[in-house]
Amino acid sequence: MLTVVLECQDQEPELAQTLSVLVAGAVEGLVSDVVVLDHGSRDGTSSVADAAGCRFHSQWDIKDILRSARGEWLLFVEPGARPQTGWIDEIAEYVALNKVPARFTASRGYRRPFFQRVGRSPPPLELGLLLPKKQAIAAARSGMRLSEFATGQKLRKLSSELIPSWVARAAR
């Protein structure tokens, strides 16, 4: 039903944190596969992806990746991001009843300091991106990064919260 796609470069610990949360979604039958797109990592990113049963690609064409996705919906998240309690049920319901993209709500427990929030736009995938596979394939261009899929999208907001990846990076 849902394919999760992550883009990585030397983010082994962050990837492990995200994958550990996604296990519950796989057990519940929501997450059908996870795809890790690597940009030349020199750490153990490939080992973490392999141990978790992910499809790992160090060279790819995004169109081919999207076409090969098992799920009819895609969830793009940054390595280190962690959906919070209730995300599985909410996404299962959302994809059954909707056809438009969505994103998670920012975690109330983890906010950037005030001066880091003022005058800056958050990264496009900071709150993830949930979109139909058909829509992603139609928008895909060779060489495109995942973050470009979120640009210009009018997104609905899920009530489930997401701890953003910067929290995991800051804890390194």
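Close-up 1. Val5 sits in strand β1; here strands (E, at least two residues) and helices (H or I, at least four) are DSSP runs, numbered from the N terminus. Leave out residues up to four places away in sequence, and Val5 touches Val35, Leu37, Leu75, Phe76, Val77 and Leu146. Contact here means heavy atoms within 4.5 Å. Pro79 is 74 residues from Val5 in sequence, yet their C-alpha atoms are 9.6 Å apart in space.

A quick note on what you're looking at: this is a predicted model, where local features need pLDDT of at least 70, side-chain atom pairs count only at pLDDT 80 or more, and totals for chains, interfaces and linings use all residues. Residues are numbered from 1 along each chain as its sequence is written, and side-chain values use heavy atoms, with hydrogens and water left out.

**Close-up 2. Phe76, a residue of strand β4.** Is Phe76 buried or exposed? Phe76 counts as buried, with 0% relative accessibility. Strand β4 covers residues 73–76, and Phe76 is part of it. Setting aside neighbours within four places in sequence, Phe76 is in contact with Val5, Leu66, Leu125, Gly128, Leu129, Leu131, Leu146 and Phe149. Leu37 is 39 residues from Phe76 along the chain, and 11 Å separates their C-alpha atoms.

Close-up 3. Asp10 is in the loop between β1 and α1 (12–27). Take a look at its backbone: phi of Asp10 is near 55°, a positive value in a residue other than glycine.

**Close-up 4. Gln17 on helix α1.** Gln17 belongs to helix α1. Its relative accessibility is 29%, and Gln17 therefore counts as partly exposed. Which residues does Gln17 touch, not counting those up to four places away in sequence? They are Gly80, Arg82 and Ala168. Pro123 is 106 residues away from Gln17 in sequence, and the C-alpha to C-alpha distance is 19 Å.

**Close-up 5. Lys134 on helix α6.** Helix α6 spans residues 133–139 and includes Lys134. Lys134 counts as exposed, at 69% relative accessibility. From Lys134 to Glu7, 127 residues apart along the chain, the C-alpha atoms are separated by 20 Å.

Close-up 6. Rolling a probe the size of a water molecule over the atoms shows where empty space is left. On a 1 Å grid over the protein atoms alone, a pocket is an open set of points where a 1.4 Å probe fits, with protein on both sides within 12 Å along at least five of seven lines; lining residues have an atom within 4 Å of a point. Grid points are joined across faces, edges and corners, and a volume is the space filled by probe spheres set on the points. The largest pocket has a volume of about 240 Å³. It is lined by 14 residues, of which Ala106, Arg111, Arg112, Arg117 and Glu126 are the closest to its centre. Sort the lining by class and you get six nonpolar, two polar and six charged residues. In this sorting, Ala, Val, Leu, Ile, Met, Phe, Trp, Tyr, Cys and Pro count as nonpolar, Asp, Glu, Lys and Arg as charged, and the others, Gly among them, as polar.

**Close-up 7. The second largest pocket.** This pocket has a volume of about 180 Å³. Its lining has 14 residues, and the closest to the centre are Glu7, Gln11, Glu78, Pro79 and Arg145. Which elements give two or more residues to the lining of the second largest pocket? They are β1 (2–8) and α7 (165–170). By class, the lining of the second largest pocket holds five nonpolar, five polar and four charged residues.

Note on methods: Buried < 20%, exposed > 50% of the residue type's maximum accessible area, 1.4 Å probe, protein only.
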